[in-house]
Amino acid sequence: MEMKEYIEQAEAALLHTYNRYQIVLDRGEGVYLYDIEGKKYLDFCAGIAVFALGYHNEEYNNALKAQIDKLIHTSNYYYNVPAIEAAKKIKKASGMDRVFYTNSGAEANEGAIKAARKYAFLKDGTTDHEIIAMNHSFHGRTMGALAVTGNVHYREPFEPLIGKIRFADFNDYDSVLAQVTDKTCAILLEPVQGEGGLYPAEEDFLRKLRKLCDERDILLIFDEVQCGMGRTGYMYAWQKYNVKPDIMTTAKALGCGVPMGAFLMTEHVAQHSLEAGDHGTTYGGNPLACAAAEKVLDLFEKEHIIEHVREVAPYLEQRLEELKEKYPCITERRGTGLMQGLVFDRPVRDIIAAAMDKGLILINAGADIIRFVPPLIITKENVDEMVSILEQSIDGEKIC
Ligand SMILES: *Cc1c(COP(=O)(O)O)cnc(C)c1O
(Lines give C-alpha, C1' and ligand atoms only; values in the text may rest on other atoms or scores of the structure.)
Protein backbone atom coordinates (compact mmCIF):
# COMPACT_ATOMS: atom_id res chain seq x y z
CA MET A 1 0.00 0.00 0.00
CA GLU A 2 1.14 3.56 -0.61
CA MET A 3 1.74 6.08 2.11
CA LYS A 4 -1.27 8.15 1.08
CA GLU A 5 -3.60 5.15 1.39
CA TYR A 6 -2.26 4.25 4.84
CA ILE A 7 -2.77 7.80 6.01
CA GLU A 8 -6.38 7.76 4.80
CA GLN A 9 -6.98 4.53 6.69
CA ALA A 10 -5.34 5.98 9.80
CA GLU A 11 -7.57 9.02 9.63
CA ALA A 12 -10.63 6.77 9.34
CA ALA A 13 -9.71 4.59 12.33
CA LEU A 14 -7.70 6.61 14.85
CA LEU A 15 -9.06 9.23 17.19
CA HIS A 16 -8.16 12.71 15.98
CA THR A 17 -6.08 13.86 18.91
CA TYR A 18 -2.90 14.60 16.93
CA ASN A 19 -2.18 16.75 13.90
CA ARG A 20 0.24 14.26 12.43
CA TYR A 21 2.82 15.02 9.77
CA GLN A 22 2.03 13.16 6.56
CA ILE A 23 4.55 10.34 6.67
CA VAL A 24 4.35 6.69 7.66
CA LEU A 25 7.58 5.57 9.29
CA ASP A 26 8.88 2.09 8.78
CA ARG A 27 12.34 1.49 10.24
CA GLY A 28 15.32 3.15 11.84
CA GLU A 29 19.07 2.88 11.66
CA GLY A 30 21.28 4.93 14.01
CA VAL A 31 20.10 8.54 13.75
CA TYR A 32 18.12 7.97 10.56
CA LEU A 33 14.52 6.92 10.02
CA TYR A 34 12.99 5.55 6.81
CA ASP A 35 9.39 5.83 5.69
CA ILE A 36 7.53 3.00 4.00
CA GLU A 37 8.49 4.33 0.58
CA GLY A 38 12.17 4.16 1.49
CA LYS A 39 12.79 7.89 1.99
CA LYS A 40 15.51 8.63 4.54
CA TYR A 41 15.21 11.22 7.33
CA LEU A 42 17.78 12.57 9.77
CA ASP A 43 15.98 12.40 13.11
CA PHE A 44 16.32 15.30 15.54
CA CYS A 45 13.22 14.29 17.50
CA ALA A 46 14.14 10.77 18.70
CA GLY A 47 10.51 9.88 19.32
CA ILE A 48 10.32 12.96 21.61
CA ALA A 49 13.57 12.55 23.51
CA VAL A 50 13.14 8.79 23.80
CA PHE A 51 15.51 6.94 21.49
CA ALA A 52 18.72 8.14 23.15
CA LEU A 53 20.85 5.28 21.81
CA GLY A 54 19.64 5.59 18.23
CA TYR A 55 17.66 3.07 16.25
CA HIS A 56 18.58 -0.55 15.66
CA ASN A 57 21.18 -0.78 18.39
CA GLU A 58 22.07 -4.42 18.04
CA GLU A 59 22.92 -5.11 21.67
CA TYR A 60 19.71 -3.47 22.88
CA ASN A 61 17.61 -5.33 20.32
CA ASN A 62 19.23 -8.66 21.22
CA ALA A 63 18.58 -8.12 24.93
CA LEU A 64 14.89 -7.55 24.17
CA LYS A 65 14.68 -10.58 21.88
CA ALA A 66 16.29 -12.78 24.52
CA GLN A 67 13.85 -11.55 27.17
CA ILE A 68 10.87 -12.12 24.88
CA ASP A 69 11.89 -15.75 24.52
CA LYS A 70 12.26 -16.11 28.28
CA LEU A 71 9.42 -14.19 29.95
CA ILE A 72 7.52 -11.04 29.04
CA HIS A 73 5.21 -10.51 31.98
CA THR A 74 4.57 -11.85 35.46
CA SER A 75 2.73 -9.13 37.52
CA ASN A 76 4.11 -7.53 40.64
CA TYR A 77 2.99 -10.36 42.91
CA TYR A 78 6.35 -12.01 42.21
CA TYR A 79 9.94 -10.94 41.77
CA ASN A 80 11.72 -11.06 38.43
CA VAL A 81 15.45 -10.73 37.76
CA PRO A 82 15.39 -7.88 35.19
CA ALA A 83 13.35 -5.71 37.60
CA ILE A 84 15.90 -6.29 40.35
CA GLU A 85 18.92 -5.66 38.12
CA ALA A 86 17.35 -2.55 36.58
CA ALA A 87 16.42 -1.14 40.02
CA LYS A 88 20.02 -1.43 41.20
CA LYS A 89 21.21 0.38 38.07
CA ILE A 90 18.55 3.11 38.30
CA LYS A 91 19.51 3.71 41.94
CA LYS A 92 23.14 4.05 40.99
CA ALA A 93 22.45 6.34 38.02
CA SER A 94 19.98 8.57 39.88
CA GLY A 95 21.43 8.64 43.39
CA MET A 96 17.94 7.94 44.73
CA ASP A 97 17.16 5.04 47.10
CA ARG A 98 13.86 3.41 46.05
CA VAL A 99 12.26 2.69 42.70
CA PHE A 100 8.63 2.20 41.67
CA TYR A 101 8.18 1.23 38.01
CA THR A 102 5.50 2.75 35.80
CA ASN A 103 4.60 2.55 32.10
CA SER A 104 4.90 6.24 31.28
CA GLY A 105 5.99 9.64 32.45
CA ALA A 106 2.48 10.71 33.40
CA GLU A 107 2.06 7.65 35.59
CA ALA A 108 5.39 8.31 37.24
CA ASN A 109 4.16 11.80 38.16
CA GLU A 110 0.87 10.38 39.44
CA GLY A 111 2.87 8.16 41.77
CA ALA A 112 5.06 11.04 42.89
CA ILE A 113 1.98 13.11 43.76
CA LYS A 114 0.47 10.20 45.71
CA ALA A 115 3.71 9.68 47.62
CA ALA A 116 3.85 13.37 48.55
CA ARG A 117 0.25 13.45 49.70
CA LYS A 118 0.69 10.29 51.76
CA TYR A 119 3.84 11.74 53.37
CA ALA A 120 1.89 14.80 54.46
CA PHE A 121 -1.13 12.74 55.53
CA LEU A 122 1.03 10.60 57.80
CA LYS A 123 2.37 13.75 59.46
CA ASP A 124 -0.91 15.39 60.46
CA GLY A 125 -3.80 13.14 59.42
CA THR A 126 -5.44 15.85 57.31
CA THR A 127 -6.27 15.63 53.62
CA ASP A 128 -6.17 19.19 52.34
CA HIS A 129 -2.50 19.42 51.42
CA GLU A 130 -1.36 21.61 48.58
CA ILE A 131 1.18 21.17 45.82
CA ILE A 132 2.99 24.03 44.12
CA ALA A 133 3.68 23.52 40.42
CA MET A 134 5.10 25.87 37.77
CA ASN A 135 3.54 27.88 34.98
CA HIS A 136 4.55 26.52 31.54
CA SER A 137 5.30 23.12 33.04
CA PHE A 138 4.34 19.84 31.43
CA HIS A 139 3.82 16.68 33.46
CA GLY A 140 1.52 14.50 31.34
CA ARG A 141 -2.09 14.06 30.28
CA THR A 142 -3.69 11.93 33.00
CA MET A 143 -5.88 13.70 35.53
CA GLY A 144 -3.29 14.09 38.29
CA ALA A 145 -0.38 14.92 35.99
CA LEU A 146 -2.61 17.31 34.07
CA ALA A 147 -3.64 19.04 37.30
CA VAL A 148 -0.01 20.10 37.88
CA THR A 149 0.63 21.02 34.23
CA GLY A 150 0.96 24.79 33.92
CA ASN A 151 -0.97 25.22 30.70
CA VAL A 152 -4.61 26.33 31.05
CA HIS A 153 -5.36 25.29 27.47
CA TYR A 154 -4.52 21.63 28.29
CA ARG A 155 -6.36 21.64 31.63
CA GLU A 156 -9.55 23.61 31.25
CA PRO A 157 -11.87 21.24 29.32
CA PHE A 158 -11.19 18.46 31.82
CA GLU A 159 -11.75 20.24 35.10
CA PRO A 160 -12.31 19.56 37.92
CA LEU A 161 -8.91 17.88 38.17
CA ILE A 162 -7.28 17.02 41.48
CA GLY A 163 -7.53 20.05 43.70
CA LYS A 164 -5.20 22.06 45.90
CA ILE A 165 -2.68 22.87 43.19
CA ARG A 166 -1.11 26.33 43.16
CA PHE A 167 1.00 27.69 40.31
CA ALA A 168 4.13 29.82 40.55
CA ASP A 169 6.57 31.20 37.97
CA PHE A 170 9.57 29.09 37.05
CA ASN A 171 12.90 30.66 38.07
CA ASP A 172 11.08 33.18 40.26
CA TYR A 173 11.66 32.24 43.89
CA ASP A 174 9.47 34.99 45.31
CA SER A 175 6.52 33.83 43.25
CA VAL A 176 6.94 30.33 44.73
CA LEU A 177 7.27 31.74 48.23
CA ALA A 178 4.01 33.64 47.71
CA GLN A 179 2.21 30.33 47.16
CA VAL A 180 3.60 28.52 50.22
CA THR A 181 1.15 27.89 53.07
CA ASP A 182 1.07 25.63 56.11
CA LYS A 183 -0.60 23.07 53.87
CA THR A 184 2.09 22.92 51.19
CA CYS A 185 3.30 19.32 50.93
CA ALA A 186 5.36 19.43 47.75
CA ILE A 187 6.95 21.67 45.13
CA LEU A 188 7.07 20.01 41.72
CA LEU A 189 9.09 21.15 38.74
CA GLU A 190 11.18 20.13 35.74
CA PRO A 191 14.85 21.15 36.21
CA VAL A 192 14.73 21.97 32.50
CA GLN A 193 11.24 22.76 31.20
CA GLY A 194 10.71 20.86 27.95
CA GLU A 195 7.31 21.25 26.29
CA GLY A 196 6.90 24.62 28.00
CA GLY A 197 9.71 26.15 25.98
CA LEU A 198 13.19 24.74 26.80
CA TYR A 199 13.84 26.79 29.93
CA PRO A 200 16.71 25.54 32.11
CA ALA A 201 16.33 26.27 35.83
CA GLU A 202 18.73 28.74 37.36
CA GLU A 203 20.97 27.11 39.92
CA ASP A 204 20.16 29.74 42.52
CA PHE A 205 16.42 29.11 42.11
CA LEU A 206 16.81 25.37 42.74
CA ARG A 207 19.12 25.95 45.70
CA LYS A 208 16.62 28.30 47.31
CA LEU A 209 13.79 25.83 46.75
CA ARG A 210 15.87 23.08 48.36
CA LYS A 211 16.51 25.26 51.40
CA LEU A 212 12.85 26.25 51.66
CA CYS A 213 11.77 22.61 51.43
CA ASP A 214 14.27 21.57 54.10
CA GLU A 215 13.14 24.29 56.48
CA ARG A 216 9.44 23.56 56.05
CA ASP A 217 9.53 19.77 55.55
CA ILE A 218 8.11 20.20 52.04
CA LEU A 219 9.03 17.55 49.48
CA LEU A 220 10.95 18.72 46.43
CA ILE A 221 9.88 16.72 43.37
CA PHE A 222 11.83 16.87 40.11
CA ASP A 223 10.19 15.68 36.91
CA GLU A 224 13.17 14.45 34.90
CA VAL A 225 11.06 12.58 32.36
CA GLN A 226 12.51 14.61 29.48
CA CYS A 227 15.67 16.25 30.83
CA GLY A 228 16.96 13.13 32.58
CA MET A 229 18.95 10.23 31.10
CA GLY A 230 22.01 12.11 29.87
CA ARG A 231 20.38 14.85 27.85
CA THR A 232 21.94 17.70 29.87
CA GLY A 233 25.39 16.08 29.91
CA TYR A 234 24.60 14.55 33.29
CA MET A 235 22.74 11.34 33.91
CA TYR A 236 20.05 13.33 35.72
CA ALA A 237 19.75 17.10 35.63
CA TRP A 238 19.80 17.38 39.44
CA GLN A 239 23.43 16.25 39.31
CA LYS A 240 24.27 19.17 37.03
CA TYR A 241 22.82 21.60 39.60
CA ASN A 242 23.89 19.52 42.58
CA VAL A 243 20.42 20.05 44.07
CA LYS A 244 18.92 16.71 44.98
CA PRO A 245 15.16 16.18 45.05
CA ASP A 246 13.24 14.05 47.55
CA ILE A 247 11.22 12.42 44.79
CA MET A 248 12.15 12.20 41.13
CA THR A 249 10.38 10.91 38.06
CA THR A 250 11.99 9.42 34.95
CA ALA A 251 10.67 7.85 31.74
CA LYS A 252 11.15 8.74 28.04
CA ALA A 253 14.73 7.48 27.37
CA LEU A 254 14.68 5.01 30.27
CA GLY A 255 13.31 2.17 28.12
CA CYS A 256 14.48 3.70 24.82
CA GLY A 257 11.19 2.87 23.15
CA VAL A 258 9.73 0.21 25.41
CA PRO A 259 7.08 1.93 27.57
CA MET A 260 8.88 2.41 30.84
CA GLY A 261 9.02 4.98 33.60
CA ALA A 262 9.64 5.16 37.32
CA PHE A 263 9.26 7.36 40.33
CA LEU A 264 12.15 7.33 42.73
CA MET A 265 12.54 8.58 46.26
CA THR A 266 14.95 8.91 49.13
CA GLU A 267 14.90 6.34 51.90
CA HIS A 268 13.41 8.92 54.27
CA VAL A 269 10.40 9.54 52.01
CA ALA A 270 10.06 5.82 51.32
CA GLN A 271 9.88 5.12 55.06
CA HIS A 272 7.19 7.77 55.54
CA SER A 273 4.87 7.52 52.55
CA LEU A 274 3.53 4.71 50.36
CA GLU A 275 3.03 1.35 52.05
CA ALA A 276 1.87 -2.07 50.86
CA GLY A 277 -1.54 -1.63 49.25
CA ASP A 278 -1.16 2.11 48.58
CA HIS A 279 -0.17 1.93 44.94
CA GLY A 280 0.10 -0.62 42.17
CA THR A 281 0.24 -1.39 38.47
CA THR A 282 -0.25 -4.49 36.35
CA TYR A 283 2.39 -3.86 33.71
CA GLY A 284 4.77 -1.53 35.55
CA GLY A 285 8.20 -3.14 35.95
CA ASN A 286 7.48 -6.14 33.83
CA PRO A 287 10.47 -8.25 32.75
CA LEU A 288 10.48 -7.01 29.16
CA ALA A 289 10.42 -3.30 30.09
CA CYS A 290 13.01 -3.85 32.81
CA ALA A 291 15.30 -5.82 30.47
CA ALA A 292 15.15 -2.77 28.20
CA ALA A 293 15.98 -0.29 30.98
CA GLU A 294 18.75 -2.52 32.29
CA LYS A 295 20.38 -2.72 28.86
CA VAL A 296 19.91 1.01 28.23
CA LEU A 297 21.75 1.83 31.46
CA ASP A 298 24.51 -0.65 30.56
CA LEU A 299 24.91 0.90 27.14
CA PHE A 300 25.04 4.43 28.55
CA GLU A 301 28.21 3.36 30.37
CA LYS A 302 29.66 1.13 27.71
CA GLU A 303 29.15 3.64 24.90
CA HIS A 304 30.22 6.64 27.04
CA ILE A 305 27.00 8.47 26.23
CA ILE A 306 27.40 11.23 28.84
CA GLU A 307 30.93 12.04 27.65
CA HIS A 308 29.67 12.12 24.08
CA VAL A 309 26.83 14.51 24.94
CA ARG A 310 29.32 16.84 26.63
CA GLU A 311 31.39 16.86 23.46
CA VAL A 312 28.68 17.30 20.84
CA ALA A 313 26.20 19.54 22.71
CA PRO A 314 28.39 22.70 22.71
CA TYR A 315 28.75 22.27 18.97
CA LEU A 316 24.97 22.06 18.47
CA GLU A 317 24.59 25.13 20.68
CA GLN A 318 27.19 27.04 18.64
CA ARG A 319 25.56 26.15 15.31
CA LEU A 320 22.14 27.17 16.63
CA GLU A 321 23.57 30.48 17.83
CA GLU A 322 24.92 31.03 14.30
CA LEU A 323 21.44 30.43 12.90
CA LYS A 324 20.04 32.96 15.34
CA GLU A 325 22.58 35.52 14.16
CA LYS A 326 21.82 34.81 10.52
CA TYR A 327 18.01 34.94 10.59
CA PRO A 328 16.13 37.92 12.08
CA CYS A 329 12.99 35.76 12.49
CA ILE A 330 14.85 33.67 15.10
CA THR A 331 14.66 35.65 18.31
CA GLU A 332 16.35 33.37 20.81
CA ARG A 333 18.20 30.11 21.41
CA ARG A 334 17.37 28.40 24.68
CA GLY A 335 18.10 25.11 26.42
CA THR A 336 21.01 23.06 27.61
CA GLY A 337 22.91 20.00 26.39
CA LEU A 338 21.04 18.08 23.71
CA MET A 339 17.78 19.73 24.71
CA GLN A 340 17.71 22.95 22.73
CA GLY A 341 15.17 25.28 21.20
CA LEU A 342 15.13 28.03 18.61
CA VAL A 343 12.42 30.60 19.23
CA PHE A 344 10.89 32.14 16.10
CA ASP A 345 8.76 35.25 15.84
CA ARG A 346 6.07 33.18 14.09
CA PRO A 347 4.61 29.64 14.04
CA VAL A 348 7.16 27.01 13.01
CA ARG A 349 4.90 24.30 11.62
CA ASP A 350 5.56 25.21 7.97
CA ILE A 351 9.31 25.24 8.50
CA ILE A 352 9.14 21.82 10.17
CA ALA A 353 7.02 20.49 7.28
CA ALA A 354 9.49 21.91 4.73
CA ALA A 355 12.39 20.28 6.60
CA MET A 356 10.55 16.98 6.56
CA ASP A 357 10.22 17.21 2.78
CA LYS A 358 13.98 17.64 2.66
CA GLY A 359 14.62 14.63 4.91
CA LEU A 360 14.91 16.13 8.39
CA ILE A 361 12.61 15.36 11.30
CA LEU A 362 12.17 18.16 13.85
CA ILE A 363 9.52 18.89 16.46
CA ASN A 364 8.10 21.99 17.99
CA ALA A 365 7.59 23.02 21.61
CA GLY A 366 4.61 25.34 21.58
CA ALA A 367 3.69 27.00 18.29
CA ASP A 368 6.79 29.11 17.73
CA ILE A 369 9.73 27.06 18.99
CA ILE A 370 11.65 24.37 17.11
CA ARG A 371 12.89 21.84 19.63
CA PHE A 372 16.09 19.83 19.15
CA VAL A 373 16.11 16.59 21.17
CA PRO A 374 18.10 14.23 18.93
CA PRO A 375 19.33 10.75 19.78
CA LEU A 376 22.26 11.27 22.17
CA ILE A 377 24.60 9.52 19.73
CA ILE A 378 24.44 12.25 17.07
CA THR A 379 27.78 13.45 15.71
CA LYS A 380 28.99 16.92 14.73
CA GLU A 381 28.54 15.86 11.10
CA ASN A 382 24.87 15.10 11.87
CA VAL A 383 24.55 18.57 13.41
CA ASP A 384 26.01 20.14 10.25
CA GLU A 385 23.63 18.10 8.11
CA MET A 386 20.67 19.23 10.23
CA VAL A 387 21.71 22.90 10.09
CA SER A 388 22.15 22.78 6.34
CA ILE A 389 18.66 21.32 5.77
CA LEU A 390 17.11 23.73 8.26
CA GLU A 391 18.73 26.69 6.46
CA GLN A 392 17.36 25.48 3.13
CA SER A 393 13.93 25.09 4.73
CA ILE A 394 13.90 28.60 6.22
CA ASP A 395 15.22 30.08 2.93
CA GLY A 396 12.59 28.15 0.97
CA GLU A 397 9.79 29.52 3.12
CA LYS A 398 11.06 33.03 2.33
CA ILE A 399 10.13 34.20 5.80
CA CYS A 400 13.28 35.96 6.92
C1 LIG B 1 6.71 13.68 28.15
C2 LIG B 1 6.69 14.20 29.52
C3 LIG B 1 5.80 13.70 30.49
C4 LIG B 1 4.73 12.69 30.16
O5 LIG B 1 5.26 11.47 29.80
P6 LIG B 1 4.31 10.41 29.07
O7 LIG B 1 5.17 9.20 28.94
O8 LIG B 1 3.92 11.01 27.76
O9 LIG B 1 3.14 10.19 29.95
C10 LIG B 1 5.90 14.18 31.79
N11 LIG B 1 6.81 15.09 32.11
C12 LIG B 1 7.68 15.62 31.21
C13 LIG B 1 8.67 16.63 31.66
C14 LIG B 1 7.63 15.20 29.89
O15 LIG B 1 8.47 15.73 28.99
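A nonpolar core is defined here as a set of buried Ala, Val, Leu, Ile, Met, Phe, Trp, Tyr and Cys residues joined through side-chain atoms within 4.5 Å. Residues count as buried under 20% relative accessible area, as exposed over 50%, and as partly exposed in between (1.4 Å probe, protein chains only). The structure is a predicted model, in which local features need pLDDT of at least 70 and side-chain atom pairs count only at pLDDT 80 or more, whereas totals for chains, interfaces and linings use all residues. Residues are numbered from 1 along each chain as its sequence is written, and side-chain values use heavy atoms, with hydrogens and water left out.

The largest nonpolar core comprises 110 residues. Those with the most contacts inside this core are F44, I187, L189, F372, M386 and L390. With contact taken as heavy atoms within 4.5 Å, and with residues up to four places away in sequence not counted, F44 touches L316, L360, I361, L362, R371, F372, V373, P374, I378, N382, V383 and M386. Another core, of 24 residues, lies apart from the largest one and includes A147, I165, A186 and I247. In soluble globular proteins, nonpolar side chains tend to be buried together.

Helix packing was examined next. Helices (H or I, at least four residues) and strands (E, at least two) are DSSP runs numbered from the N terminus. Axes are lines fitted to C-alpha atoms, for helices over the stretch in contact, and angles run from 0 to 180 degrees between N-to-C directions. Angles under 35 degrees count as roughly parallel, over 145 as roughly antiparallel, 65 to 115 as roughly perpendicular, and the rest as oblique. A crossing is left-handed if the near helix is turned anticlockwise from the far one by less than a right angle, and right-handed if clockwise. For the composition of contacts, Ala, Val, Leu, Ile, Met, Phe, Trp, Tyr, Cys and Pro count as nonpolar, Asp, Glu, Lys and Arg as charged, and the others, Gly among them, as polar.

Helix α12 (residues 287-302) packs against helix α3 (residues 58-70), their axes coming within 9 Å and crossing at roughly 155°. The two helices are therefore roughly antiparallel, and their crossing is right-handed. From α3, the contact involves E59, Y60, A63, L64, Q67 and I68, and from α12 it involves P287, L288, A291, A292, K295, V296, L299 and K302. These residues divide into ten nonpolar, one polar and three charged.

Helix α12 also packs with helix α4 (residues 81-94), at an angle of about 40° and with the axes 8 Å apart. This pair is therefore oblique, and the crossing of α4 and α12 is left-handed. On the α4 side, P82, A83, E85, A86, K89, I90, K92 and A93 meet P287, C290, A291, A293, E294, L297, D298 and E301 of α12. The contact of α4 with α12 contains ten nonpolar, no polar and six charged residues.

Within α12, V296 is buried, with a relative accessible area of 0%. Beyond its neighbours within four places in sequence, V296 is in contact with L53, Y60, M229, A253, L254, G255 and C256. The C-alpha atoms of V296 and A52 are separated by 8.8 Å, although these residues are 244 residues apart along the chain.

The axes of helices α14 (residues 349-357) and α15 (residues 380-397) come within 9 Å and cross at roughly 125°, an arrangement that makes α14 oblique to α15. Their crossing is right-handed. The contact is formed by D350, I351, A354 and A355 of α14 together with I389, L390, S393, I394 and E397 of α15.

R210 is located in helix α9 (residues 203-216) and counts as buried at 14% relative accessibility. Apart from neighbours within four places in sequence, R210 contacts I218, L220, V243, K244, P245 and D246.

Most residues other than glycine have a negative phi, and most peptide bonds are trans. M229, a contact of V296, has a positive phi of about 60° although it is not a glycine. M229 lies in the loop between β10 and α10 (237-241) and is buried, with a relative accessible area of 2%. D217, likewise not a glycine, has a positive phi of about 50°. D217 belongs to the loop between α9 and β10 (219-223) and is partly exposed, at 31% relative accessible area. A cis peptide bond, with omega of about 5°, joins E159 and P160; P160 is found in the loop between α7 (152-155) and β6 (165-168).
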